[in-house]
Amino acid sequence: MEELKNIAPELSKLKKENAFGTPRGYFDDFPARMQMKLEAEKNVADKQEFKIINLLKPALGLAASFAIIFMLVYIPIKTFIPQEQIIQTTVSNDYNDQFHTILEELDENSFFSLLESNDTEENFSDDDLVAYVSSNFSAYEIFEYTDK
Amino acid sequence: MQGPDKNIISDLKDKNKRDLAFHQLVSTYQERLYWHIRKIVMNHEDADDVLQNTFLKVWRSIDNFREESSLFTWLYRIATNESITFINSKKKKNFMQMNDVSEFLMDNLTSDPYFEGNEIQLKLQQAILRLPEKQRIVFNMKYFDDLKYDEMSEILDTSVGALKASYHHAAKKIEDYLKNTD
């Protein structure tokens, strides 16, 4: 107070009265009003806890979407596409697989011995040769060839 | 920390006793906090809103109160911060400059049906409203609430030296206003 007298003598002369007022009974009612506000706050907090489900909603939605797509694509394919078509595809695939298996099993030596073997050569007579030439070439072509 | 405050805090941290302890806390501190807030925001309606927000904040953060300061100091700090936040939100909402804040608070004061002061008291409030925010709060806490500088230092997180300087400047400015204004 002494400090204030030195700094601000006019101010120190003023009475320190509370110039502000409140509605009648304000402080009597306030704790009850505060309690009501608090209850509302608690309800909001409870609801916020339930909102955890909101966090899971996108993931659940995504999972449901995949399930629906699976149901819409896989089940109609299985139900409506004829079984024969599926079997044909399987058979053609099987044939290719078998051919590849044979080639893989064939070793190099056996392949070359097959090429060199004379199994494919045939002996034919002069008459057969004449018959083949006369049926496939004209007289002029034969003459032209023998003239050379 | 004093006995009753210690009991209130321990009861507030106990879920079974929390509601009753909170009621006790509100009853004990509502008036002191209200007047502190009212001198910052000036208007009863606004002070009522800020006081409710202050107690709600206390409710939400009671588990974080580490009892390093007294309950009273902690409550005062929350009330001060809530009051400043309230004024800042008004400032942002209405695109106000610093001078406009003083005018806004002056309007708040003159339009408040619960201001019961006489002409001299109105003049004193006008002088206080012309101060920068921090000086205004320091002056109110020292002049009206008779708080010690140590307590104010804890509440406002400011050094005692800085608080003394703020109070000195504020008192000088108010003195000048009282002397030089009719």
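View 1. In chain B, residues 24 or more positions apart account for 62% of the contacts with a separation of 6 or more, a contact being heavy atoms within 4.5 Å. This is a predicted model, where local features need pLDDT of at least 70, side-chain atom pairs count only at pLDDT 80 or more, and totals for chains, interfaces and linings use all residues. Residues are numbered from 1 along each chain as its sequence is written, chains are lettered from A and ligands numbered from 1 in the order in which they are written, and side-chain values use heavy atoms, leaving out hydrogens and water.

**View 2. The helices of chain B.** Look for 9 helices and 0 strands here; helices (H or I, at least four residues) and strands (E, at least two) are DSSP runs, numbered from the N terminus. Of the 182 residues in chain B, 50% are buried, that is, under 20% relative accessible area with a 1.4 Å probe and protein chains only. Chain B exposes about 9,200 Å², with 45% coming from carbon and sulfur atoms; such areas come from the Shrake-Rupley method with a 1.4 Å probe.

**View 3. The helices of chain A.** Chain A has 8 helices and 0 strands.

**View 4. Where chain A meets chain B.** Here 41 residues of chain B touch 28 residues of chain A. B:Gln52, B:Tyr143 and B:Glu175 supply 18% of the area that chain B buries against chain A, more than any other three residues. Together the two chains bury about 3,400 Å², 65% of it on carbon and sulfur atoms; this is the accessible area (1.4 Å probe) that two parts lose on being put together, summed over both.

**View 5. The largest pocket.** This pocket has a volume of about 260 Å³. On a 1 Å grid over the protein atoms alone, a pocket is an open set of points where a 1.4 Å probe fits, with protein on both sides within 12 Å along at least five of seven lines. Its volume is the space filled by probe spheres set on the points, which are joined across faces, edges and corners.

**View 6. The pocket's lining.** The largest pocket has 16 lining residues, meaning those with an atom within 4 Å of a point. Nearest its centre are A:Lys16, A:Glu17, A:Asn18, A:Ala19 and B:Phe144. Helix 6 of chain B gives the largest share, 4 residues.
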